[in-house]
Amino acid sequence: MNKVLGKVVSISGNMISVEFKGDIIQNEVGYVLLGKKRLKAEVIKIRGDIAYMQVFEYTKGIKVGDRIEFSGQMLSVQLGPGLLAQIYDGLQNPLPELAQEFGFFLPVGTELPAIAPKKWNFTPLVKKNDKVTGGSFLGHVPEGIFKHKIMVPFYIKEECIVESIVPKGNYKSDQTIAKIRNEDGKVIDVSMTFEWPVKIPIEAYAEKLSPSEPLITKIRIIDTLFPIAKGGTYCIPGPFGAGKTVLQQITSRHAEIDIVIIAACGERAGEVVETLREFPHIQDPRTGKPLMERTIIICNTSSMPVAARESSVYTAATIAEYYRQMGLNVLLLADSTSRWAQAMREISGRLEEIPGEEAYPAYLESRIANFYERSGLVRLRNGEMGSLTIGGTVSPAGGNFEEPVTQGTLKVVGAFYGLSRDRANARRFPSVSPLESWSKYTSIIPQDKIDTARSILFKGEGVNQMMKVVGEEGTSIDDFLIYLKAEFLDDVYLQQNGFDKVDAATTAERQQYVFSKIVDILRKEFTFTEKKEAREYFYKLRHNIIDLNYKEYGSNEFKNQEKKIDSLLKGENHA
């Protein structure tokens, strides 16, 4: 088949207009031919015989009349064993291999295979004459702590017959391991790897279900008050320095999840470098091995070409869906979706589209919705379950939650964790605001206890604001007691010490037990004669429960500390 060719007729930043003859498709990949260099680009709009393409490299040196070669393929990623523990750019080029070959300054137009053709120990799961279709398991290979399922490529929709399958043994990832025959009698060779377009969701499952089972993150304020469900969505908006990236890293370390995929889509290079340096050395609490062994990082920083930010989000989503198809629980963290939206705004401006609010494109909300809709809990055709949970950070300018990206995200996510500048400045971590945040998912804690806690928090904030005007002297002892209870709940439960090996991660069982005791204290009727007495009592109680947070759950130290707290509560003679 002859490839369609074109020529550049205009250039605007990373956007080029190309005149072509023949047939091309939306999201098709093309290459700008600059001597021996081939600059990758994607068709984002077609009008008559003019294609508008975003170039994924710096466009310096491109001139009118330069030739374009269209590939006939949509922008795709390679899927197969060998993805785990990798660091890719937005176009799935392996960054460590690029650095090893070219040094720290990468030449323009460089591409490397995403998956190196190494040998894998393959175990077949099907035999000759078995019926299979797209997504069916042909066998598995060991990848880290997981059995990486080798699947029939997802683009095969009809039922096929297995003509042959290789016996158990070591094979290269690009070798044919099975031959399958489709309904037309055509025999298709299947290897361990295949490609899939990033803009098309993978739907090779039996059905998609509503998320219901809580995803335990071991962060108390999240699991108790604002839970996430496996297969759900959430967003973390907050001003610069409020702890978005740190919260994501803690979640990826302690959440009860199989695979973590981090999409650094336009975040500042310094923060991404910190992630790249930290992750290989972080010990996975689950396995004792490096956390990186079950992590994939898609890295496209603010100093990299703007156009690749969009592709990095979709690359991460496609790889996440691929692992979900194996019956695994996957967590995708996008940091930050604001920078992705800014890239969309820039491309929309170059296309001279009618701008929406704050010059973002009119289709901003639908693009955000399409991304988050790729999450979900699915039942595979063999009855197994897999989930993809998506969490995105939002970086609103000046911490303004009314701006379009935050508002567009709030309409589609199931949980919202608003980070507070004031809480971060007061060193209250995680700095999730208990007054602004919300969740639509079911908690591991009974709702009546959550209602009690939130009611105290809201009333306590009201008293706090009043005390700023009338002072402590002008506040009644009953109101002052509500304020003390709200501060007590915040200090002993909503805050966690990420540097303490016990307090950094709280199991669901411990949360249920400790929160129940705290709610009993919040509901307890105290009768203090003066404010100083009440303050000193809650000061003692607070320190005793913070000490309890540092004791291993169920240990003798924990039980002894609990006895101290119980005696303090019983010995309180004002009840």
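1. Helix α4 gives the largest share of the lining of the largest cavity, four residues, where helices (H or I, at least four residues) and strands (E, at least two) are DSSP runs numbered from the N terminus. The model is predicted, so local features need pLDDT of at least 70 and side-chain atom pairs count only at pLDDT 80 or more, while totals for chains, interfaces and linings use all residues. Residues are numbered from 1 along each chain as its sequence is written, and side-chain values use heavy atoms, with hydrogens and water left out.

2. The largest cavity holds about 120 Å³ of space, and 13 residues line it, with T245, Q248, I262, T275 and D335 nearest its centre. On a 1 Å grid over the protein atoms alone, a cavity is a set of points where a 1.4 Å probe fits but cannot get out, a pocket is an open set with protein on both sides within 12 Å along at least five of seven lines, and lining residues have an atom within 4 Å of a point. Grid points are joined across faces, edges and corners, and a volume is the space filled by probe spheres set on the points. The lining of the largest cavity has six nonpolar, four polar and three charged residues; here Ala, Val, Leu, Ile, Met, Phe, Trp, Tyr, Cys and Pro count as nonpolar, Asp, Glu, Lys and Arg as charged, and the others, Gly among them, as polar.

3. How much space lies in the largest pocket? The largest pocket has about 1200 Å³ of space, and of the 48 residues that line it, G243, V246, L247, I250 and F429 are the closest to its centre. Helix α3 supplies the largest share of this lining, eight residues, and by class the lining of the largest pocket has 18 nonpolar, 16 polar and 14 charged residues.

4. The second largest pocket has about 960 Å³ of space, and the closest to its centre of its 34 lining residues are L95, L98, F104, L106 and M304. Domain 1 (5-74) and domain 3 (207-424 + 433-439) both give residues to its lining, so the second largest pocket lies between them; the domain bounds come from an automatic or database domain assignment.

5. Two peptide bonds deserve a careful look. The bond from D335 to S336 is cis, with omega near 5°, and S336 lies in the loop between β24 (329-334) and α6 (337-350). The bond from F429 to P430 is also cis, with omega near -5°, and P430 sits in the loop between α9 and β28 (438-439). For background, most peptide bonds are trans, and most residues other than glycine have a negative phi.

6. N27, although not a glycine, has a positive phi of about 65°, and it is found in the loop between β2 (15-20) and β3 (28-34). Q92, which is not a glycine either, has a positive phi of about 70°. At 3% relative accessibility, Q92 counts as buried, where buried means under 20% relative accessible area, exposed over 50% and partly exposed in between (1.4 Å probe, protein chains only).

7. N549 belongs to helix α13 and is buried, with a relative accessible area of 6%. Leaving aside residues up to four places away in sequence, N549 touches R220, V492, V502, D503 and R510, a contact being heavy atoms within 4.5 Å. R510 is in turn one of the buried residues of α12.
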